[in-house]
Amino acid sequence: MRSASASAPGKFVVLGEHAVVYGKPAVALAIDRRFRCTVSESSRLLLNGVPDDLSLHPHMSNILKANGVGKISIVTESDLPSGSGLGSSAALSAALSCAVRTMLGKPADEKDVIGEAYDAEFGAQGIGSPMDTSASVHGGGIGVNIPCDGEPLWTIERNGNRWDVCDVHAPEMTFVVGYTGIKALTGPLVERVRRYKDRNSFAKDIVDEIGSVTLEGADALRRNDRVKLGKLMTADHKLLSILGVSGPELNRLVDAAAEYSYGAKLTGAGGGGSMIALTDRPEKVCETIRLHGGTPMIVNTGVPGVKAGKTS
Ligand code: MEV
């Protein structure tokens, strides 16, 4: 009986979420929280040992379809709460694609996995950029549509948008994630921003402004200029709030973290999910996040992307 395992990291967005959907620049870093899965041949479709038709798991069914697999056992394990803004669905898509391809004896390097994993994400959500999937597949840090040293890792085009993805070679920095505990679905939030932007020229200007802030921030990140990067993160949070994707819980955590941070902002789709703070005082930030009702985690970056095999 053939079987294979793979894992992929979650991510947080340093700058540029939502605007990246329209081809604006963005920067995301992979984190030391992973999604793992093991697949094996089976006489029926099983998810975590239970028969399932995957109708509630479109990312998974899209990956199976892409590989012409129907009956299979999938066992999953994740350090990433779903709907937390930490890229759990992209990590799932990347890990499952890598595991299934490995089991079938197909090539499963990052360039083999990225297209399939992004198609699974896009198919499930109906909208979105390849940023989350790229961070999960490549690991480390990725920049989208920012000036690249050398060739991009890959270029993806869809619905008239183009995303050149490159490695940002981010220096070591400490970030604290604060999870609000509120699960938020990415698709509807992205769709809401799209409608706002299409109907309102002010919202379109805000999206453009996020693009400019992100370009400056990508440069500050590479130069390890924490003061500048932090200020730009806080500015980005204000712009995202104007687009309507923040909320009282996120704002409370962002404001609370400000005192001990270079900057703080929501990360990912918003509407709940998580915020991040760039800080030299992670313990203090964790304490204040806890006091304000969030769940803090100190995350490490610079982690590997998707890979076949078992990982702890
Ligand atoms: C979600 O992590 C990031 C968004 O920009 C959506 C996307 O890029 O597909 C909100």
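Rings of Phe, Tyr and Trp (for Trp, the six-membered ring) are taken as a pair when their centres lie within 6.5 Å; planes under 30 degrees apart count as stacked, over 60 as edge-to-face, and the rest as tilted. By this rule the structure contains three aromatic pairs. The model is a predicted one: local features require pLDDT of at least 70, side-chain atom pairs count only at pLDDT 80 or more, and totals for chains, interfaces and linings use all residues. Residues are numbered from 1 along each chain as its sequence is written, and side-chain values use heavy atoms, with hydrogens and water left out.

A pair of aromatic rings is described by the distance of the centres and the angle of the planes. For Y118 and W163, the ring centres are 6.3 Å apart and the planes stand at 75°, so this pair is edge-to-face. The pair links distant parts of the chain. Y118 belongs to helix α3 (residues 110–125), W163 to strand β8 (residues 161–167), and 45 residues separate them. Helices (H or I, at least four residues) and strands (E, at least two) are DSSP runs, numbered from the N terminus. Both Y118 and W163 are buried. Buried here means under 20% relative accessible area, exposed over 50%, and partly exposed in between (1.4 Å probe, protein chains only).

The criterion is NZ of Lys or CZ of Arg within 6 Å of the ring centre and within 35 degrees of the ring normal. The charged end of K197 sits over the ring of Y22, at 4.4 Å from the centre.

The residues surrounding the ligand (a heavy atom within 4 Å) include K11, H18, G128, S129 and D132. Polar contacts are pairs of N or O atoms within 3.5 Å. A side-chain N or O atom of K11 is 3.2 Å from a ligand oxygen atom. H18 places a backbone N or O atom 2.9 Å from an oxygen atom of the ligand. For D132, a polar side-chain atom lies 2.7 Å from a ligand oxygen atom. Taken alone, the ligand exposes 300 Å², and the protein buries 97% of that (Shrake-Rupley method, 1.4 Å probe).

A disulfide requires two cysteine sulfur atoms within 2.5 Å. The count is zero disulfides. C98 is in none; its nearest cysteine sulfur, that of C37, is 8.3 Å away. C98 has 1% relative accessibility and therefore counts as buried. C148, at 27%, counts as partly exposed.

Technical notes
A polar contact is a pair of N or O atoms within 3.5 Å; within protein, one must be able to donate a hydrogen and the other to accept it, and residues adjacent in sequence count only if both atoms are side-chain atoms.
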